[in-house]
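Here is a short briefing on a protein chain.

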Amino acid sequence: MMPRTGENFRIDGARLWDSIMEMARIGPGVAGGNNRQTLTDADAEGRALFRTWCEAAGLTLGVDAMGTMFATRPGEDPDALPVYVGSHLDTQPTGGKYDGVLGVLGALEAVRSMNDLGIRTKHPIVVTNWTNEEGARFAPAMLASGVFAGVIDLDYAYGRTDLDGLSFGEELERIGWKGDEEVGARRMHAYYELHIEQGPILEAEEKEIGVVTHCQGLWWLEFTLTGKEAHTGSTPMPMRVNAGLAMARIFEMVQEVATGEQPNAVGGVGQVKFAPNSRNVLPGKVVFTVDIRSPEQEKLDRMRAEIEKRATTICEVLGVGCAVEPVGHFDPVTFAPDLVATVRGAAEKLGYSHRDIISGAGHDACWAAKVAPATMVMCPCVDGLSHNEAEEITPDWAEKGANVLFHAVLETAGVVR
């Protein structure tokens with residue numbers, strides 16, 4: 001049983017919701033969601049609003065060389081390591097209003113509520129906005145937290161380019177959010193992250209809280225297929241070197257491989273770039289990324305090996321060149337059992353229905369778990385829909401998730417009586 005710290009403590013749910021809606025006005029999408037991709041002008045504007053809120057809450061802001069924002073509320077013990085809490089403010093090109101944002105603003109709301117209630121903690125608390133969690137513009141995902149954890153090289157990160165050839169390092173400088181802190185120099189006592197589930201389980205089972213025990217491992221495999229540009233009308237079928245056809249067969253093969261590894265395995269393709277991308281020209285070059293995931297290491301490794309082997313065969317039959325580059329990876333993660341128990345205990349003492357859950361998506365918590373005890377809290381999302389402008393949650397779900405986060409952080413940070 002966890003100690004009964006501040007049983008009646010609650011965050012301000014209306015203030016949290018208002019903050020989420022205000023942030024959503026920055027980088028609006030075309031269908032009610034958001035397009036606030038990392039290192040864009042909209043990202044810079046969202047960061048500036050977040051900084052204003054942090055300063056109003058009395059927090060001290062630090063920014064590292066990857067642009068990650070750390071807003072610190074001091075603790076009573078100058079030697080105690082901080083408890084970090086956060087997520088990300090960047091979105092997909094057609095993203096929702098809650099993915100990542102709930103975790104950052106839920107963490108900020110926890111600190112605001114501590115201020116309102118006059119709560120002091122032994123450990124400092126650091127509200128965190130990680131740069132480029134989504135990986136939509138610059139692969140891989142969780143780029144800044146990966147550099148922080150020492151699994152991604154800083155120069156490699158700076159050299160990543162988007163589809164227009166713009167580099168991460170140059171764009172970070174351009175928007176004015178390259179900090180002077182050494183990446184990874186900070187030490188953590190613990191790390192918590194609140195997030196929407198991005199899946200249908202909690203809503204379907206009418207559970208208010210997901211207690212996240214593990215996170216799936218992932219491979220992003222970027223395929224570059226090289227064929228021969230040719231007129232679609234005048235090139236005989238047997239004489240074509242069709243990179244697009246090879247791509248289509250690989251798509252179907254990825255579906256077969258993932259389906260054959262059920263349960264607990266997924267695979268698909270979400271990004272494709274054709275060249276020259278003309279109606280009547282067979283593509284000479286196709287670049288796409290295969291995304292495969294599983295919480296089981298053996299399945300993850302087996303899927304990667306099978307996909308690469310079968311893709312090579314497909315391309316050889318069609319005379320198409322095939323190159324594969326891993327552009328994103330992390331092994332399955334087991335979150336810290338004591339922090340998981342703290343989250344579960346917080347849900348129980350607040351009277352919220354809950355269940356243990358494995359995260360199907362990657363999160364900054366996955367890399368934070370490399371350097372400190374870490375875990376996550378999840379709330380439901382409507383129909384499990386995410387990475388879509390129609391993504392939706394209720395104010396009640398947001399408030400309950402943030403309340404669990406609030407109590408878990410207080411337990412770990414230590415309330416000073």
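In this predicted model, four strands form an open sheet in the order S9-S11-S7-S12, with antiparallel pairing. Strands S9 (266-275) and S12 (321-330) stand at the edges, and each has a single partner strand, so one side of each is left without a neighbour in the sheet. From one strand to the next, the twist averages 15°.

**Sheet and packing helix**

- Strand S7 (residues 217-226) runs antiparallel to S12, and nine bridges join the two.
- Phe 223 stands opposite Val 324 in S12.
- Helix H8 (residues 243-259) packs on the sheet. H8 touches S7, S9 and strand S11 (285-294). The direction of H8 makes about 170° with that of S9.
- Strands of a sheet pair through backbone hydrogen bonds, either parallel or antiparallel.

**Annotated region**

- UniProt lists residues 216-313 as "domain: Peptidase M20 dimerisation", in an unreviewed entry.
- Over residues 216-313, the chain is 35% helix and 35% strand. The end C-alpha atoms of this stretch are 28 Å apart.

**Salt bridges within helices**

- The structure holds 23 salt bridges. Side chains of opposite charge can pair when their charged atoms come close.
- Asp 43 forms a salt bridge with Arg 47, with the closest N and O atoms 3.3 Å apart. Both residues lie in helix H2 (residues 41-56), four residues apart, or about one turn of the helix. Asp 43 has a relative accessible area of 3%, so it counts as buried. Arg 47 is buried too, at 1%.
- Lys 309 and Glu 306 meet through their side chains in a salt bridge (3.7 Å, N to O). Helix H9 (residues 297-318) holds both, three residues apart, about one turn of the helix. Lys 309 is exposed, with a relative accessible area of 52%. Glu 306 is partly exposed, at 27%.
- Lys 400 and Asp 396 also meet in a side-chain salt bridge (3.2 Å, N to O). They are four residues apart in helix H12 (residues 395-413), so about one helical turn separates them. Lys 400 is buried, with a relative accessible area of 15%. Asp 396 counts as partly exposed, at 37% relative accessibility.

Definitions and conventions: Residues numbered from 1 in each chain as written. Predicted model: local features only at pLDDT ≥ 70, side-chain atom pairs only at ≥ 80, totals over all residues. Heavy atoms only, no water. UniProt positions renumbered as here; feature names shortened; annotations may be inferred. Pairing = 2+ DSSP bridges. Axes fitted to C-alpha atoms, helices over the stretch in contact; angles between N-to-C directions. Contact = heavy atoms within 4.5 Å. Salt bridge = Lys/Arg side-chain N within 4 Å of Asp/Glu carboxyl O. Buried < 20%, exposed > 50% of the residue type's maximum accessible area, 1.4 Å probe, protein only.
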